[in-house]
Amino acid sequence: MSRVIPQIDLGGLSVEDKKENEFGALTSDDYRYTTVSRNGVPLPDPIEDEPPTYVYIITYLNYLILIIVGHIKDFIGINFQPHKYADLLEKDGMAPWYTKFESFYIRRMKQKIDDCFARPTAGVPGRLITCIDRDAHDYNRYFTFPGTTSQCLNLSSYNYLGFAQSEGVCTDSALEAVDKYGVGVGGPRNVIGTTDLHTETEQTIARFLGVDDAILFSMGYATNASLFASLLDKKSLVISDELNHTSIRTGVRLSGCSVKTFPHNNMQALEKLLREQISQGQPRSHRPWKKIIIAVEGLYSMEGTMANLPKLLELKKKYKFYLFVDEAHSVGAIGPRGRGVCDYFGIDPKEIDILMGTLTKSFGAAGGYVSGKQEIIDRLRLDINGQNYAEAIGTPVLAQILTSMKVIMAK
């Protein structure tokens with residue numbers, strides 16, 4: 001079973017071809033769009049195009065057939081070809097890592113389409129991307145690599161604005177940072193991991209967003225996963241949109257607070273839930289909640305919908321809760337100046353208590369940030385685990401963030 005990926009020679013492409021694949025070309029002004037501010041006007045409710053009932057029935061029926069056939073194959077295989085199922089059986093008195101039931105979905109469903117997913121790549125994730133060819137064997141049980149590549153249209157990368165490039169001003173800045181600082185900082189921010197680039201990047205992010213201050217994290221997922229534990233306790237309540245990212249849900253669970261969900265972007269249901277929770281208070285004691293935070297995303301990447309920020313602020317003024325907005329997919333790419341949903345709706349970002357975002361998508365780098373009022377950021381610098389126990393962002397990555405952000409700001 002060979003899984004070795006050979007060295008790929010990309011020398012067959014000319015410099016012009018590489019630039020075309022990486023950056024693409026605007027061949028017509030018909031495809032040039034400019035975002036304008038809505039000046040506080042919310043978006044209309046999206047039309048939900050649900051499939052007909054017979055499509056649901058056929059889909060679930062197909063799943064049922066796959067499950068039945070998979071269990072039959074498992075029964076026959078375990079009893080007559082146990083050597084092929086060694087990872088599911090007890091060996092030398094040791095239980096398997098995963099039971100037959102726990103691994104069933106991966107073995108009998110996902111594996112059948114693995115040749116279409118998790119494709120190894122070689123090159124920049126630009127308009128086109130170089131995928132390493134591979135040959136599937138035994139119904140995708142394993143792959144071999146012939147040593148060739150294919151140019152594919154890239155529809156899945158985080159590289160929203162093309163800043164994750166192999167040449168240009170961002171790359172030059174990153175290389176200069178390697179020469180000056182090296183590739184790593186050697187520790188967490190509060191120990192030895194703070195450089196002048198970290199401070200400058202935080203100040204630039206705050207200036208870009210129009211808020212008091214910002215704090216950096218070396219991983220976008222960990223930003224949300226560690227944030228809520230520093231702000232909330234069991235006497236606090238988070239009301240979360242049902243389609244929020246798993247990082248938000250992880251962070252809320254780790255905080256130990258109470259959590260309620262409301263239907264996606266349904267402001268009427270949210271207000272009803274708010275009135276109920278404010279009147280009832282904490283479970284058992286019915287004392288008022290210590291804090292109430294509404295958690296939403298600026299742009300929902302899977303649905304293509306945006307938070308109804310004007311209505312959320314209207315409810316915020318009425319019911320006096322804190323508002324958290326995750327701008328992982330909207331900052332840099334939404335609004336007349338590329339500054340996220342506040343820019344798009346024409347709303348002062350200082351009206352949002354906490355603005356979180358990642359630096360992986362629009363800025364072509366890595367990491368995340370939390371921004372907002374000075375007192376909140378100062379408190380987070382003291383005790384948030386995602387910064388105090390993880391190595392700080394490397395300086396080449398910071399140079400990439402700074403340069404791409406300054407390009408968007410036209411500075």
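Author: The model is predicted. On the H6 side they are Tyr 221, Asn 224, Ala 225, Phe 228 and Ala 229. They meet Thr 246, Ser 247, Ile 248, Thr 250, Gly 251, Val 252, Leu 254 and Ser 255 in H7. By class, this contact has seven nonpolar and six polar residues. Charged residues are absent from it.

Now the geometry. Two packed helices are described by the angle between their axes and the distance between the axes. Here H6 covers residues 220–231 and H7 covers residues 246–255. Their axes come within 7 Å. The crossing angle is roughly 25 degrees. Angles under 35 degrees count as roughly parallel, so H6 and H7 are roughly parallel to each other. The crossing of H6 and H7 is right-handed.

A search of the whole structure finds one cavity of 30 Å³ or more. This largest cavity holds about 60 Å³ of space. Its lining includes Arg 189, His 198 and Glu 391. Leu 216, Phe 217 and Ser 218 also line the cavity, as do Gly 386 and Gln 387. Ala 390, Ala 392 and Ile 393 belong to the lining too. Strand S5 (213–217) and helix H12 (385–388) are the elements that give two or more residues to this lining. By class, the lining residues of the largest cavity divide into five nonpolar, four polar and two charged.

Note on methods:
Residues are numbered from 1 along each chain as its sequence is written. This is a predicted model: local features need pLDDT of at least 70, side-chain atom pairs count only at pLDDT 80 or more; totals for chains, interfaces and linings use all residues. Side-chain values use heavy atoms; hydrogens and water are left out. Axes are lines fitted to C-alpha atoms, for helices over the stretch in contact, and angles run from 0 to 180 degrees between N-to-C directions. Helices (H or I, at least four residues) and strands (E, at least two) are DSSP runs, numbered from the N terminus. Angles under 35 degrees count as roughly parallel, over 145 as roughly antiparallel, 65 to 115 as roughly perpendicular and the rest as oblique. A crossing is left-handed if the near helix is turned anticlockwise from the far one by less than a right angle, and right-handed if clockwise. Contact means heavy atoms within 4.5 Å. Ala, Val, Leu, Ile, Met, Phe, Trp, Tyr, Cys and Pro count as nonpolar, Asp, Glu, Lys and Arg as charged, and the others, Gly among them, as polar. On a 1 Å grid over the protein atoms alone, a cavity is a set of points where a 1.4 Å probe fits but cannot get out, and a pocket is an open set with protein on both sides within 12 Å along at least five of seven lines; lining residues have an atom within 4 Å of a point. Grid points are joined across faces, edges and corners, and a volume is the space filled by probe spheres set on the points.
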